[in-house]
Amino acid sequence: MTRSRVGRVGGAAGERAATAWEELVATARRTVADGLVVGTSGNVSVRVGDTVLVTPSGVPYDRLAPDDMTGVDLDGRQVLGTLVPTSELPMHLAVYRADTGARAVVHTHAVHATAVSLLVPELPPVHYMTAALGGPVRVAPYAAYGSDELARAMLDALTGRTGCLLQNHGTVTYGTSLDQAYDRTAQLEWMCRLWLTASSVPGRSPSLLTETQLAEVTERLRGYGQRTDERDGS
Ligand SMILES: [Zn+2]
């Protein structure tokens, strides 16, 4: 990534970008405050038009200021800022370039979710919130961080889903807003914690929801989504 390009957006577009950046920084700080990441790991992005604002690489979120706005186009060319974008840019861009309708992506190393990624190829459907993520959450096979291979594996695992786990690595969720993407991460981490807790009881295996039970919830959530967010096409 180039460090020399410094873009400035003026007018209404500039205001939209500034507000989105503020929300992005708040969301990134929340991942740390809520214990979903440690230090500068994990990353967050939000799409404004054809620009993707992303957290820069290696800068603690509590130090990010309005002037640190970092943005790339959908091909990954830096169009805003001088800080180097997150090394996980290929994953973020893959989500936006695919026909997902995503406006925001959250990637964390949440401990329970990452623990589940070491154990199974798919999180068993232990709770009806599984349906809110599109169905049982898959684990993308391991690939090195920041690689195109990881981005491809993630996209496969996201088919028909709004979240997935990355084997021996963490979580990825997207949504039509930063709040929605963040909430999906929190729900995913909570479900992973739930499954780990229940499955750690000796001599017992957790009961799971059936496909019919999940389909019923999917129907209900669909109605709910239309009332709260008309742009939700996922
Ligand atoms: Zn990561």
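**Entry 1: cysteines**

I started with C164, whose sulfur is 11 Å from the closest cysteine sulfur, in C192, and that is too far for a bond. I checked it from the other end too: for the sulfur of C192, the closest cysteine sulfur is the one in C164. A disulfide here is a pair of cysteine sulfur atoms within 2.5 Å, and by that rule I count zero disulfides. Next I asked myself: are C164 and C192 buried or exposed? C164 is buried, at 0% relative accessibility, and C192 is buried as well, with a relative accessible area of 0%. For the record, buried means under 20% relative accessible area, exposed means over 50%, and partly exposed is in between (1.4 Å probe, protein chains only).

**Entry 2: what I am looking at**

This is a predicted model, so I note that local features need pLDDT of at least 70 and side-chain atom pairs count only at pLDDT 80 or more, while totals for chains, interfaces and linings use all residues. Residues are numbered from 1 along each chain as its sequence is written, and side-chain values use heavy atoms, with hydrogens and water left out.

pLDDT is the predictor's confidence in each residue, from 0 to 100. I found that the protein chain averages 92, with 91% of the residues scoring at least 70. Over residues 1-5 the pLDDT is below 50, and beyond near neighbours in sequence that stretch has 11 contacts in the model. Contact means heavy atoms within 4.5 Å. Residues 229-234 also stay under 50, and there the model has nine contacts beyond four places in sequence.

**Entry 3: the zinc ion**

Which residues coordinate the zinc ion? I see H107, H109 and H169, each through NE2, at 2.1 Å. Donors are N, O and S atoms within 2.8 Å of the metal (3.2 Å for Na, K and Ca), and water is not among the atoms, so sites may look incomplete. Along the chain the zinc donors follow the spacing H-x1-H-x59-H. Helices (H or I, at least four residues) and strands (E, at least two) are DSSP runs, numbered from the N terminus. I also noted that both H107 and H169 are buried.

That β7-β8 loop also holds N168. Its phi is near 55°, a positive value in a residue other than glycine. N168 counts as partly exposed, at 45% relative accessibility.

**Entry 4: helix α2 and the cores**

Why is helix α2 (residues 89-97) largely enclosed by the rest of the structure? Because seven of its nine residues are buried. I listed them as L89, M91, H92, L93, A94, V95 and Y96.

A nonpolar core is a set of buried Ala, Val, Leu, Ile, Met, Phe, Trp, Tyr and Cys residues joined through side-chain atoms within 4.5 Å. The largest one has 24 residues, and those with the most contacts inside it are V52, M91, V95, M154, C164, L166 and V172. At least two residues each come from β2 (51-54), α2, α4 (148-157), β7 and β8. The largest share, six residues, is from α2. I then looked up M91: not counting residues up to four places away in sequence, M91 touches H107, L150, A151, M154, L166 and V172. Another core lies apart from this one, with 19 residues, among them L24, V25, L80 and A104.

A98 is partly exposed, with a relative accessible area of 23%. From A98 to C164 I get 66 residues in sequence and 15 Å in space, C-alpha to C-alpha.

Where is T130? I found T130 in the loop between α3 (111-117) and β6 (139-140). T130 is buried, with a relative accessible area of 2%. Leaving aside neighbours within four places in sequence, T130 is in contact with P125, G135, P136, M191 and L214. The T130 side chain reaches the backbone oxygen of H127 at 2.7 Å.

Last, I looked at D73, in strand β3 (residues 71-73). D73 is buried, with a relative accessible area of 16%. Not counting residues up to four places away in sequence, D73 touches D50, V79 and L93.

Technical notes: A polar contact is a pair of N or O atoms within 3.5 Å; within protein, one must be able to donate a hydrogen and the other to accept it, and residues adjacent in sequence count only if both atoms are side-chain atoms.
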